[in-house]
Structures are given as structure tokens and as C-alpha cells.
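Please keep the view open as you read.

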Amino acid sequence: GSPIGPYLRFVNAIADAVRDEFPGKAIDTLAYQFTRSPPKKVRPRPNVIVRLCDIECCFAHPLGVAAEVDKRNADFAGDLRRWSEITDRLYVWDYVVDFAHSIMPFPNLYTIKPNINFFVDHHVKGIYEEAAYFSKGTELAELRTWILAKTLWDPGYDTDRAIDEFLEGYYGQAAAPIRRYIDLVHGNARSGAIHFTIGARPSSPLFSDDLIARAAALFDEAEKQVADQTAVLDRVRVARLPIVYVQIAKCMETLTRPRERSAANFRRLQALFDVFDRVAHEEGVTQVSEGHHYDTWAAHVKAVFTVLGR
């Protein structure tokens, strides 16, 4: 019934072979992409952990939504329900950032809690939340980690409470405009029409010119509020990097059109990059995606305004 069948038989054989020598240990295997759907016949041994991966899903919406809202999520939810019926050691490998553009805004703060609750309700025993292990500088990484920690410890923890208490403690007087930024991005994403996978791009309809302009204005306000507080101002500027990243991507896309290759647009790209590059280096950003080094990306951007802009 699924390619997981022969894989699971193989894993079970390993589990049987080590069971007596290592009675307190378990064999962990992935139900991942083509092996995600549960099998018809074979069942995991008691010392086998099945770790279900939701890599295909949309993270702008909860996983347990109806198919008409998001078929990918509904399909995953169906697989999870079926796995929960045939094993007592079901784990989940969950994803919480965009791995293709890891600095870009990722509007999932309000899906973390319903997803964790969905896992708990279906007897998931362990959850691994994979974020940007490869670099600093991803969007609101500290806040996202705070929400994850609070919710994993207590699945009933209110997300708005977690957001507000963190913003107040970490961004101080800049908390209010950053809160409005979060509401702006997530309000659009939660409307139902926009989907966001871990491979979403800056060309997503979420990032309309109006949204980016409003987000930039909110960060102008946030920086102004803490202009005399160096440490907090640095945190605000790091939080702004995702918006500048999208502005750079949009500006570069504009410059692919010959009629838009004006001196003003090249200067705008250079100005945006100069701001981004300074903050990124101070923060220690090393990559802009799981497989794309920061220096390679930066060299490409610089080539656009130094070579094409001549």
C-alpha cells in the first residue's frame, strides 16, 4: 500500500536484531515524502519510532484544516491519523522557517500552537522543530523559539501572550510597532488565500508592494523608539532584515526588465544592500538558505549594481 512497506520491514529486522542486546533503545526511521503514507499490512515493532515529516505542507494554515482550505495539509493530517492508529511511538519532524529563503518572513507564528495541539491530540510522543540550524538572522528567530519552547512545554499556552511578553522583554519601547508588523504579515497570510511552504519565494503574493511599504514604515518607527538604546536598536535592525531581503529581491526582479534599468533603481538596490550587509555581518549571518552561502548571494547582488549599473 505504500513504499514504506519494505522499508519498515527492513527497520523491523534491525529492531529485532538489537532488541535483546539493547532493551532500552529504539530504532528511529522517517516517514518522509514517498514513505510518508502508512502501509496496509506491516506494523512497526514496539522498539521502532516512526518519525513523520510534514515537509510538503503549508505553514500559513494549520495542518488539520479541511481539504478545501489546503489539500496538502489535509492529506498529511490523514496520514498522521492513520499512523497514530498503528503505532504507539509516533514522532513528528516539523519545519518552522523557509529553507529556500531563510531570512524572508515566514508567517507561521499562529500555526505553531494548533499544529502542536493536533500532534498531541493524535498521540504523537515526540516533536522535532527544525529551524535555521545553519545561520543566524532568520526572521524573528528568538521570538519563534520562545513560542516553540512555551508551547511544547504547555500546548495550551496562548500564542498572543507568548508574543506580547517576549516583545516587551526583548524589544522594549519598540515592541508596539513590531507587534503591528507581526499582525500585518500574519493577518494577510491567515486570510486563507495565501499559502506558504518551506520553499516560498520573495515573489509570493503575500509580499505586495503595499505590505512591504507598511512593514518598512513600522520598522522606521521601531528604530526611532529605541534610537538611544544601542543593544535594543541592534535587535530591531536584525528583525528588519527579512523586509530588506524582500526589498532587495523585488528590486533585483525589477532590474531584469530593460525599461526599469534606471540609475535610480540601481542606486536603490545598492542602498538596500549596504544596509542589509552591514547588519548581516554584525549579526553573523552565514547563509541565506539551507544551501546558499551568504557571501555567494552578496557577490551576486553586488554584481548587479556594480556591473550592470555602469
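This is a predicted model: local features need pLDDT of at least 70, side-chain atom pairs count only at pLDDT 80 or more; totals for chains, interfaces and linings use all residues.

## A helix, a threonine and a pocket

Leu-211, Ile-212, Ala-215, Ala-216, Leu-218, Phe-219, Ala-222 and Glu-223 are the buried residues of helix α7. Seen down the helix axis, these buried residues of α7 fall within an arc of 160°, so they line one face of the helix. They pack against α6 (175-189) and α8 (230-254). Helix α7 itself covers residues 209-225, and its 25 Å reach from first to last C-alpha is close to the 24 Å expected at 1.5 Å a residue.

Next, a loop. Between β1 (27-31) and β2 (48-53) sits Thr-35. Is Thr-35 buried or exposed? Its relative accessibility is 5%, so Thr-35 counts as buried, the cut-off being under 20%. The Thr-35 side chain reaches the backbone nitrogen of Tyr-32 at 2.9 Å. Leaving aside residues up to four places away in sequence, Thr-35 touches Pro-3, Ile-4, Tyr-7, Leu-30 and Trp-83.

Finally, the largest pocket, summarised here:

| Feature of the largest pocket | Value |
|---|---|
| Space | About 370 Å³ |
| Lining | 15 residues |
| Share of the lining from α8 | six residues |

Nearest the centre of this pocket lie His-101, Arg-201, Pro-202, Ala-249 and Lys-250. Helices α8 and α10 (294-308) each supply at least two residues of the lining, and the largest share comes from α8. Helix α8 is also one of the packing partners of the buried residues of α7.

How values were computed: Residues are numbered from 1 along each chain as its sequence is written. Side-chain values use heavy atoms; hydrogens and water are left out. Helices (H or I, at least four residues) and strands (E, at least two) are DSSP runs, numbered from the N terminus. The expected span of a helix is 1.5 Å times one less than its number of residues. Buried means under 20% relative accessible area, exposed over 50%, partly exposed in between (1.4 Å probe, protein chains only). The arc is that of the directions from the helix axis to the C-beta atoms. Contact means heavy atoms within 4.5 Å. A polar contact is a pair of N or O atoms within 3.5 Å; within protein, one must be able to donate a hydrogen and the other to accept it, and residues adjacent in sequence count only if both atoms are side-chain atoms. On a 1 Å grid over the protein atoms alone, a cavity is a set of points where a 1.4 Å probe fits but cannot get out, and a pocket is an open set with protein on both sides within 12 Å along at least five of seven lines; lining residues have an atom within 4 Å of a point. Grid points are joined across faces, edges and corners, and a volume is the space filled by probe spheres set on the points.
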